[in-house]
Amino acid sequence: MEAIPISPESYNLGFIGAGKMAESIARGVVKSGVLPPQRISTAVHSNPNRRIAFESFGVGVRSNNSAVVEASDVVIFSVKPQVVKDVVLQLKPMLSEKKLLVSVAAGVKLKDLQEWAGHSRFIRVMPNTPSAIGEGATVMSLGGAATEEDGELISKLFGSVGKVWRADEKSFDGITGLSGSGPAYIFLAIEALADGGVAAGVPRELALGLASQTVLGAASMVTKSGKHPGQLKDDVASPGGTTIAGVHELEKGGLRGILMNAVVAAAKRSQELS
Amino acid sequence: MAAVPISPESYKLGFIGAGKMAESIARGVVQSGVLPPQRISTAVHFNPNRRVAFESFGVGVHSNNSAVVEASDVVIFSVKPQVVKDVVLQLKPMLSEKKLLVSVAAGVKLKDLQEWAGHSRFIRVMPNTPSAIGEGATVMSLGGAATEEDGELISKLFGSVGKVWRADEKSFDGITGLSGSGPAYIFLAIEALADGGVAAGVPRELALGLASQTVLGAASMVTKSGKHPGQLKDDIASYYGTTIAGVHELEKGGLRGILMNAVVAAAKRSRELS
């Protein structure tokens with residue numbers, strides 16, 4: 001049976017799991033005007049703070065997951081990876097192929113999601129933590145019965161909290177090691193840059209402010225310029241200057257290899273855990 | 001003689017040196033509404049492309065520096081460090097203390113600037129390359145006769161292309177090594193993260209896009225959250241286990257020390273060059 005198209009102008013969105021990721025996406029979607037809050041709902045079972053969090057910007061809060069699924073055309077499973085299976089199986093009778101299903105659970109494969117739901121109109125999404133401040137890096141993979149339009153709809157949702165890409169599911173361990181875990185590598189790097197500044201005579205608070213703004217600015221140059229980062233580095237490293245002296249230390253120390261190691265190790269761990 | 005206050009609502013801004021930095025600041029200032037283009041001017045001696053660049057957004061272009069100084073209350077010296085001395089000495093007769101003077105020349109000290117100009121109503125500013133896309137990290141140091149209001153005026157100008165801080169001039173070598181040269185370290189890091197992604201099975205174009213967006217998002221979390229980067233790392237390294245595996249590789253490889261080395265080496269080179 002062919003998938004019934006979801007109407008972009010009138011579909012209702014539901015979140016199973018009312019945690020931080022769900023809240024970030026819901027806030028982003030409302031703020032960017034992609035969906036009005038009245039068309040969004042979730043369920044809160046125990047923690048009243050979560051109810052308040054969602055109601056505070058107009059999202060409907062039910063008392064159980066079934067009510068959310070009933071009310072929704074697009075259902076996002078945003079519960080912890082360990083409980084996704086049970087939750088999907090529990091809701092299975094209500095998960096007709098009329099509904100587009102989405103999972104943001106790290107490490108949970110489409111093959112399994114589709115088996116638990118009983119159909120393959122599923123999209124697997126790997127967002128990352130900076131989605132919480134609207135600068136996420138999100139990758140999605142379409143399940144067997146998810147249409148192109150389904151993909152565009154989900155792309156628009158996650159596009160309201162950052163950038164979105166599509167990929168084959170086979171790349172997802174690598175993606176986890178890079179964009180999933182990557183923010184932590186950068187937090188380390190920013191702290192170290194600040195320490196370097198302090199070692200070179202810059203007061204701590206200024207050093208930390210400069211470190212984070214410098215990293216932000218440099219990354220913005222890469223995303224906005226469309227130039228290769230190696231070219232950008234060439235552009236700013238003038239002969240005999242301070243920049244090439246700094247770069248020399250990074251190459252001597254093997255910074256590149258260490259960062260590669262981190263991504264590869266995290267990807268390997270992702271593979272082991274899945 | 002006390003400095004005559006510059007009127008924020010009516011002052012005219014002039015750039016001596018019509019290069020990329022001047023253009024970035026001028027564009028940022030106009031785009032953010034800090035100044036209308038009619039109150040900005042520069043001089044172009046040879047390159048007609050530079051004239052076209054400035055005139056294209058309404059900035060006045062004179063044929064010589066004297067005309068710019070004549071027309072301006074605030075004069076920014078944005079020529080290359082090697083020629084600042086000659087340019088300032090040449091214009092000295094016109095540089096009364098009624099005019100607020102600013103230098104963005106890397107490594108050129110206030111002591112010298114003030115000597116060449118004949119007075120100390122000078123502000124030394126160290127912007128960085130991402131100012132060109134509005135995400136600069138800029139630090140300023142006030143000369144002897146520059147007032148608080150002068151400082152705020154210049155802070156507002158550079159605030160239109162990024163973030164601004166104040167510091168003692170004695171920190172400027174360290175600042176050069178950190179925010180001045182820092183973007184290059186990040187370009188290297190982004191390329192290495194992308195390579196790590198490719199090694200872990202992510203297609204190249206996706207890996208590069210994810211790497212730069214992840215760095216941008218992480219840095220945004222540091223600047224916006226006000227949390228210590230170590231705390232942010234703790235917050236996400238407890239989830240799922242892949243992140244701490246990556247972090248372990250960074251610590252094993254000594255990433256932090258290498259980044260500190262880069263900042264310190266660049267700062268040392270800055271001291272040698274000045």
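A residue counts as buried when its relative accessible area is under 20%, and the legends below apply that cut-off to a predicted model.

**View 1. B:Met221, a buried residue of helix H9 in chain B.** B:Met221 has a relative accessibility of 12%, and because this value falls under 20% the residue counts as buried. The residue belongs to helix H9 of chain B. When neighbours within four places in sequence are left aside, the contacts of B:Met221 are with A:Thr129, A:Pro130, A:Ile133 and A:Phe187 in chain A, together with B:Leu232 in its own chain. B:Leu232 stands 11 residues away from B:Met221 along the chain, and the C-alpha atoms of these two residues are 8.3 Å apart.

**View 2. A salt bridge between B:Arg256 and A:Glu191.** In this pair, which joins chain B to chain A, the closest N and O atoms lie 3.3 Å from each other. The two chains have two salt bridges between them in the predicted model, and the one formed by B:Arg256 and A:Glu191 is among them. Polar contacts between chain B and chain A, counted where both residues are at pLDDT 80 or more, come to 15 residue pairs.

**View 3. The elements of chain B that touch chain A.** At least two residues of this side of chain B are supplied by each of strand E7 (136–142), strand E8 (162–166), helix H7 (172–180), helix H8 (182–199), helix H9 (204–225), helix H10 (229–237), helix H11 (242–253) and helix H12 (255–273). Helix H9 of chain B, with 19 residues, provides the largest share. By residue class, the side of chain B that touches chain A is made up of 52 nonpolar, 28 polar and 11 charged residues.

**View 4. The interface of chain B and chain A as a whole.** Here 91 residues of chain B are in contact with 95 residues of chain A. About 8400 Å² is buried between the two chains, and 79% of this area is on carbon and sulfur atoms.

**View 5. Chain B, with its 12 helices and eight strands.** Along the principal axes, the C-alpha atoms of chain B fill a box of roughly 65 × 40 × 30 Å. Chain B has 274 residues, of which 57% are buried, and its accessible surface of about 11000 Å² belongs to carbon and sulfur atoms for 53% of the total. Among the contacts in chain B with a separation of 6 or more, 62% are between residues 24 or more positions apart.

Notes: Residues numbered from 1 in each chain as written. Chains lettered and ligands numbered in written order. Predicted model: local features only at pLDDT ≥ 70, side-chain atom pairs only at ≥ 80, totals over all residues. Heavy atoms only, no water. Contact = heavy atoms within 4.5 Å. Buried area = accessible area lost by both parts, 1.4 Å probe. Salt bridge = Lys/Arg side-chain N within 4 Å of Asp/Glu carboxyl O. Polar contact = N/O pair within 3.5 Å; in protein donor to acceptor, adjacent residues only side chain to side chain. Helix = DSSP H or I, 4+ residues; strand = E, 2+ residues; numbered from the N terminus. Nonpolar A, V, L, I, M, F, W, Y, C, P; charged D, E, K, R; others polar. Buried < 20%, exposed > 50% of the residue type's maximum accessible area, 1.4 Å probe, protein only. Areas by Shrake-Rupley, 256 points an atom, 1.4 Å probe, with all protein chains shown as cover.
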